[in-house]
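Have the chains open while you go through it.

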Amino acid sequence: MQNTTRNAGAYTIKGIVLIIAALLLFAPFLFQDVRSLEVAARICIFIVLVASFDLLIGYTGIVSFAHTMFFGFGAYGAAILLKEMGPGWTPVILGGLAGVAVSMVFAVAIGLLSLRVKAIFFAMITLAAASVVLVLASQLSQITGGEDGITYRGPDLFKTATKLVTDEDGKVIRLWGVKLNGKLAAYYFVFITSLILFLAMLRFVGSPFGTVLKAIRENEARAEAIGYRVVAYRTAVFCLSAAVASLAGTVYAVWLKYTGPATTLSFAIMIDILLMVVIGGMGTMWGAVIGAVLMILAQYYLRDLMGVASEALAGVPVLPELLAPDRWLFWLGIIFILLVYFFPKGIAGTAMSGGAKQ
Amino acid sequence: MNTLTNTLGQTLGRAGGVNLLPLIVAAAAFGLIGAPSSWLTLTVAGLAMGMMLFLMASGLSLVFGLMDVLNFGHSAFVSFGAFISATVLAGLGGWLAADSWMLNALALAAAYLAAISFGLVAGWFFETVIIRPVYRDHLRQILITIGAMIVAEQTILAFWGGTPLSVARPQFLEGSWIIGDVSIEIYRAFAFALGAVVFVMLYFMLNRTRIGLLIRAGVENREMVESLGFRVDRLFIGVFMLGSALAALGGAMWAGYETLITPALGGELMIVVFIVVIIGGLGSIEGTLLGAILVGLMTNYIGFLAPKLALASNMILMVAILLWRPNGLRPAIK
């Protein structure tokens, strides 16, 4: 009986994830406005980002606050080169590789430094490192554009004016009412790279290496006693997750055609990632998908709802202030605390294990 | 060669060991800055900043030492302390502007008391509601205190709005003393003195009273104290409330120091407070004081010598100290 509920839950979650994947695959045709496409692309990228963070927090039990730092390295790598070298594929690839390289160096340095101190310091040290990088990015304005960030053009293929398929008159062919232009190509670039990265991570956590990580999370001393070098595994997974986050940053930079501290490095994004992982469910790659989708939809659409509620309560003191669209983080914070109390496994984890009381 | 380093080490140890670090930093800065007057001004600023950082960090350090609880929401107390004291000061504007220093001091005391009492109540609430259910689970502690920090920050935004708030300073703390060609801001000297008084009180409480003895014993080995029949969890609530109150006081003093505060203040200071706690070593207020003074001095000296480096300097200091002493300078936890 127990087993059937568990399987049913797991199938439900996987089914939901498949539906989300299908929706994302056909997003440009299903939701034909600019804002929806923005949301869909953001969801794709954040799924990867959150899943890579889940490798740390969910599979290994490491809390890092430097994830946006790696995301930023990837984004700034591509952005700076696209700005300097002009649009094209070379700067994207070079920038992506440079971002990964810098991320690796930082990850190894932080990892090795943290080996010397208590594991609990890790969270504090990563927080300090990330804040220093954030400040540097806004200070070194000759390179990074400072607070304003960098605006640049992506590869020519992704320009809205680019025609992918044309008819005899040289006009863009429409498929189900959607122009087959560069914007579509850009979306599918985001979708496919995100899919590949996500599948790679899924494969990774199923591998023997992933099993060792789970062992470390469950019982560090026992894993060490069996003969696994916990420290080496931790550093390795930190590097891996940094590299994936950096690649996600590069893709995001190509999609947005803008990179600044607010879109990549800010602490607010780190909080978003944390909320997504915990809401979705730590330690299941599926949870990352659900968390990212829910949070981003909430970010874009819940605010509108809250604005209505706030206006409706205009006469009451303080309440309209708390319900104002800008205060949506307040409510998310409360939901977050309640989730950590009552459903520490998040949505996916709870559903897959068939109830929170297990 | 080896015996030489050993004797050198022993001599240094007798002279104060790691406690000499701030002196070494100050001396090195004196050489680099050159002008004695600017050096003195910077040193006073650094000491004042260090004392305020100490107030904010001491609670965090003791709480971790005693109960193994890492509170990422500690910055909320700092922000609330700053905003509450600013509001009280604004409300008592008449007293502040008055010519009598008695009224000025009364207004300031009222503001600090408001911050401290808020810290006590909020600390009690935070401990019983937020942290108690997640004892001994670091991952959930970090997550839940982060959640609490978000809620607290948003509450401040809801009540005070996002625009910077200017903080009134009492008349008698305005201006500066001019000694020769050295000018010392009175508020800085005041902040240093108040911080020093609090440190001495804390030191005596921890080292001369029975409660302090229990706290220190609890930091060293909680299970043993519990098995002797003492309720460490009740003691812990007390320490947590005290720590929150000190953080709120630190925030209130910081508000007067900066004179313009934003809701982001707590988050910004939190990074520095973490660095202080890590450098000093968790669980000991002497270590925290040492770390705070070091960070305060470094920030001011580097800010003068190489402004571009100022923000990274604390990070570099932390890395250097951790490479030398992985547990911090004066940890209480073995």
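This is a predicted model: local features need pLDDT of at least 70, side-chain atom pairs count only at pLDDT 80 or more; totals for chains, interfaces and linings use all residues.

B:Thr259 sits in the loop between helix 11 (232-258) and strand 4 (260-261) of chain B; helices (H or I, at least four residues) and strands (E, at least two) are DSSP runs, numbered from the N terminus. Its phi is near 65°, a positive value in a residue other than glycine. With 14 C-beta neighbours inside 10 Å, B:Thr259 counts as partly exposed. For reference, buried takes 20 or more other C-beta atoms within 10 Å of a residue's own, exposed takes 12 or fewer, and partly exposed is in between, with C-beta atoms placed from the backbone.

Chain A has A:Lys257 in the loop between helix 11 (230-256) and strand 4 (258-259). A:Lys257 isn't a glycine either, yet it has a positive phi of about 60°. It is partly exposed, with 17 other C-beta atoms within 10 Å.

Residues are numbered from 1 along each chain as its sequence is written, while chains are lettered from A and ligands numbered from 1 in the order in which they are written.

Chain B has a mean pLDDT (the predictor's confidence in each residue, from 0 to 100) of 83, with 94% of its residues at 70 or more. For the complex, the predictor gives an ipTM of 0.77 and a pTM of 0.81.

## Chain B overall

Chain B is built with 14 helices and four strands. Its radius of gyration is 20 Å, which agrees with the value near 20 Å for a compact globule of 334 residues; that radius is taken over C-alpha atoms, and the globule rule is 2.2 Å times the number of residues to the power 0.38. The C-alpha atoms fill a box of roughly 60 × 55 × 35 Å along the principal axes. Of the 334 residues, 49% count as buried.

Strand 2 (residues 176-179) and strand 3 (residues 182-185) of chain B pair in the antiparallel sense over four bridges; pairing takes at least two DSSP bridges between the strands. B:Trp177 stands opposite B:Ile184 in strand 3 of chain B. The hairpin has two residues between the strands, and B:Gly180 takes a positive phi near 60° there.

## Where the chains meet

In all, 31 residues of chain B are in contact with 34 residues of chain A, contact being C-beta atoms, placed from the backbone, within 7 Å. On the chain B side, helix 7 (138-160), helix 12 (265-280) and helix 14 (310-324) each give two or more residues. Helix 7 of chain B makes the largest share, 15 residues.

By class, this side of chain B has 24 nonpolar, five polar and two charged residues. Here Ala, Val, Leu, Ile, Met, Phe, Trp, Tyr, Cys and Pro count as nonpolar, Asp, Glu, Lys and Arg as charged, and the others, Gly among them, as polar.

## The nonpolar core

The largest nonpolar core has 224 residues, and those with the most contacts inside it include A:Ala248, B:Met52 and B:Val273. Such a core is a set of buried Ala, Val, Leu, Ile, Met, Phe, Trp, Tyr and Cys residues joined through C-beta atoms within 7 Å.

Technical notes: Two residues are in contact if their C-beta atoms, placed from the backbone, lie within 7 Å.
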